[in-house]
Amino acid sequence: MRDITLGQFVAGNSIVHRLDPRTKIGIMLAYIVMIFLVKDMWFFAIPLAFLIMGLLLSHISIRYIGRSLKPIRVLMVFMFLLNLIFTKGETVLWDLGFWQLTLEAILRSVFLIIRIILLVAGASMLTLTTSPIALTDGIEKLFSPLKVFRFPAHELAMMMTIALRFIPTLMDESEKIRNAQMARGADFESGNVFRRVKSMIPILIPLFVSSFRKADELAIAMESRCYHGGDGRTRMHQLRFRLPDLFAALITLAFLCALILILILFK
């Protein structure tokens, strides 16, 4: 739980930190498009170079990106094995009769793992360099044209930000509950898989109760401050596009166009 970095914000004064949150959300969407456009593993070099450039400009330690990948290790291993088993191919490396290990299956498994790593690293970069308040304002501004169709832009942005903001809080709470249960003799490490899952019940139940209590306290605090949605609300800091936002958008567009051009040429 301590390794989860999604929703955590690392304060800084880098170029990436100072970008408008709408620009960073747009860059993130373009980055996701780049990743899903890639159909060959070697072309991941372009989104990887884009990610490394963002890391260097934001002064975010690679340690944070590594920590963001730890919680999904089991998922990556599961997907790797699943693709090894069910992906067919022509180049057989190992034949057991009922199942064949092929080179195509290995390449496909590695391809999907690289895609997941790049996606998680990019999402972590967005939350590590953007405060929850700025992220809320950016999401609300992007969805604000949909208010014509009675789309609850402010409410949706508020819910997403509260969810992100509570991830570190729930991490700390789960760690406290786990330590308290271990002090009472609980064992979370020994036994088979089913025994370990069953041993998590003393953590999950208090965590759910604590989550509902915190949600109720937050609702009371918002009501006591006369919160009634986004109607008529003003902000201390107004979002404005500046010259660095334009440069960042142009660089992102250049990477995206370069990838599309390379994919067309090597198709």
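Colleague: How many aromatic pairs does a search of the whole structure find?

Modeller: Five aromatic pairs. Keep in mind that this is a predicted model.

Colleague: How do I read such a pair? Take Y31 and F50: what is the angle between their planes?

Modeller: Look at ring centres and ring planes. Planes under 30 degrees apart count as stacked. The planes of Y31 and F50 stand at 25°, with the ring centres 6.1 Å apart, so this pair is stacked.

Colleague: Where do Y31 and F50 lie?

Modeller: Y31 is in helix α2 (residues 21-37), and F50 is in helix α3 (residues 45-58). The pair therefore ties together parts that are 19 residues apart in sequence.

Colleague: Are Y31 and F50 buried or exposed?

Modeller: Both Y31 and F50 are buried.

Colleague: Now F143 and F151. Why is that pair called tilted?

Modeller: The planes of F143 and F151 are at 45°, and their centres are 5.5 Å apart, so the pair is tilted. F143 is partly exposed, at 28% relative accessible area. F151 is also partly exposed, at 30%.

Colleague: Which ring does R22 lie over?

Modeller: For a charge over a ring, check the distance to the ring centre. R22 lies over the face of F241, 4.1 Å from the ring centre. The charged end of R63 sits over the ring of Y64, at 5.3 Å from its centre.

Colleague: And the domains: how is the chain divided?

Modeller: Domain 1 takes 1-130 + 237-267, and domain 2 takes 152-236. Their centres, taken over C-alpha atoms, are 28 Å apart.

Technical notes: Residues are numbered from 1 along each chain as its sequence is written. This is a predicted model: local features need pLDDT of at least 70, side-chain atom pairs count only at pLDDT 80 or more; totals for chains, interfaces and linings use all residues. Side-chain values use heavy atoms; hydrogens and water are left out. Domain bounds come from an automatic or database domain assignment. Rings of Phe, Tyr and Trp (its six-membered ring) pair if their centres lie within 6.5 Å; planes under 30 degrees apart count as stacked, over 60 as edge-to-face and the rest as tilted. Helices (H or I, at least four residues) and strands (E, at least two) are DSSP runs, numbered from the N terminus. Buried means under 20% relative accessible area, exposed over 50%, partly exposed in between (1.4 Å probe, protein chains only). A charge sits over a ring if NZ of Lys or CZ of Arg is within 6 Å of the ring centre and within 35 degrees of the ring normal.
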